[in-house]
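This report walks through one protein chain, from its overall build to a few single residues. Please keep the sequence and the structure in view while reading.

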Amino acid sequence: MRDVAKLAGVSHQTVSRVINEHPNVRAETRERVLAAMRSLNYRRNLAARTLATRESRTLGIVGFETTLFGPESMLYGIESAARAAGYLVSVATVRDLSHRPVLEAVDRLVQHGVDGIIAIAPKPAVTTALTHAPAGMACVAVGGDDQGGFPTVRVDNAAGARLATRHLLDLGHATVHHVAGPLDWPEAQARVDGWRETLYAAGAVVPPVTAGWWDAAAGYEQGRRLAEDPSVTAVFCANDRIALGVLRAMHESGRRVPDDVSVVGFDDMPDSGYFLPPLSTVHQDFAELGRRALALLLRHLALPDGDAPPEDVVVAPRLTPRASAAPPSA
């Protein structure tokens, strides 16, 4: 810093103010300091800063190894929000969403000196593991459901399912079949609950739930079964990849979408508007989810005793209607 100050013709306190983005520095002085920093290839010593302030300006994220659109998008939304707030991100991934692997991931992040941890928590075991994090470590869970006594940020999955089911009923369908995700995931169960509640409220028949994994193969398998039943005119799928499989199964069975069967998904993946036909779906705002998670974690970090209130932040989804859903044909 003294070398930069000498080259720029300012005090080292002025250099410090420029580095810390203090507003009380004239524009020409700031540019002269930045030019000197570039000329000398000066970089801040973050390790020294961490020792001095006891803040690493680094947040830990616990994720898991998957290609699923939802968890991947949550990770990106959290990382984007952290970067915009001036934080670096360290990611620890796990293959198994059970207690021990998640706790080991938390320990790795703690050893790297992160200020706080955001965990993508689609299953309760993740939140349970977070309760065993070191005392004073700020933690927030994203996804899943309100797991009680722990700060969480989540999309209202039941409300999204109600939007999808209500949309199909409003189009004139007598009832709506549901192809669910794995029912040991709270997100999948919440979507089942929202679908079922809407049918009960409408006085409609509630068909049996068919559950599988979150992929197109599961949707295709269940879609072939549904295509054999001529009474099936509307299908709500737990995510867009399942819906893709259902669309393929209907096409192969000669059931036209939406003329014979309407299909609605959940997620609103970037490719969903390019399915054939374009998929009606429930949109999740993962960027907003990331911003809310970061804001909750920062509030936790600001607490003097490090104890976060058991706050449950809920982000509302919205329906994106497209060409895959229409009134039933005569």
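Contact, a word used throughout this report, means that heavy atoms lie within 4.5 Å. With that cut-off, and not counting residues up to four places away in sequence, Val263 touches Val235, Cys237, Ala243, Val246, Leu247, Val257, Leu279, Ser280, Ser324 and Ala325.

## The model and its conventions

This is a predicted model, in which local features need pLDDT of at least 70 and side-chain atom pairs count only at pLDDT 80 or more, whereas totals for chains, interfaces and linings use all residues. Residues are numbered from 1 along each chain as its sequence is written, and side-chain values use heavy atoms, with hydrogens and water left out.

## The chain as a whole

Taken along the principal axes, the box filled by the C-alpha atoms is roughly 85 × 40 × 30 Å. Among contacts with a separation of 6 or more, 69% are between residues 24 or more positions apart.

A residue is called buried when its relative accessible area is under 20%, exposed when it is over 50%, and partly exposed in between, using a 1.4 Å probe and protein chains only. By this rule, 49% of the 330 residues of the chain count as buried. The accessible surface comes to about 15,800 Å², and 52% of that surface belongs to carbon and sulfur atoms; such areas come from the Shrake-Rupley method with a 1.4 Å probe, and for residues only the protein chains shown count as cover.

In soluble globular proteins, nonpolar side chains tend to be buried together. A nonpolar core is here a set of buried Ala, Val, Leu, Ile, Met, Phe, Trp, Tyr and Cys residues joined through side-chain atoms within 4.5 Å. The largest such core has 67 residues, of which Val62, Ile117, Val235, Met250, Val263 and Leu289 touch the most other members. Helix H12 (residues 286-302) gives the most to this core, with six residues. A second, separate core has 16 residues, including Ala164, Trp195, Phe266 and Ala325.

## Helix H8

Helix H8 runs over residues 157-170, and its 14 residues reach 20 Å from the first C-alpha to the last, close to the 20 Å expected at 1.5 Å a residue; the expected span is 1.5 Å times one less than the number of residues. Ten of the 14 residues of H8 are buried, so the helix is largely enclosed by the rest of the structure. The buried residues are Asn157, Ala158, Ala159, Gly160, Ala161, Ala164, Thr165, His167, Leu168 and Leu169.

These buried residues pack against several elements, among them strand S5 (152-155), helix H9 (186-202) and strand S9 (262-267). Just after H8, Gly172 takes a positive phi of about 115°.

## Backbone features in the loops

Two cis peptide bonds deserve a look. One joins Val257 and Pro258, with omega about 10°, and Pro258 has its place in the loop between helix H11 (240-252) and S9. Another joins Leu276 and Pro277, with omega about 0°, and Pro277 is placed in the loop between S9 and S10.

Asp268 is also found in the loop between S9 and S10, and its phi is near 60°, a positive value in a residue other than glycine. At 13% relative accessibility, Asp268 counts as buried. Asn41, in the loop between helix H3 (27-40) and helix H4 (46-53), likewise has a positive phi, near 55°, but Asn41 is exposed, with a relative accessible area of 53%.

Glu72 has its place in helix H5 (residues 69-84) and counts as partly exposed, at 41% relative accessibility. Not counting residues up to four places away in sequence, Glu72 touches Thr66 and Thr67. The C-alpha atoms of Glu72 and Phe286 are separated by 9.6 Å, although these residues are 214 residues apart along the chain.

How values were computed:
Helices (H or I, at least four residues) and strands (E, at least two) are DSSP runs, numbered from the N terminus.
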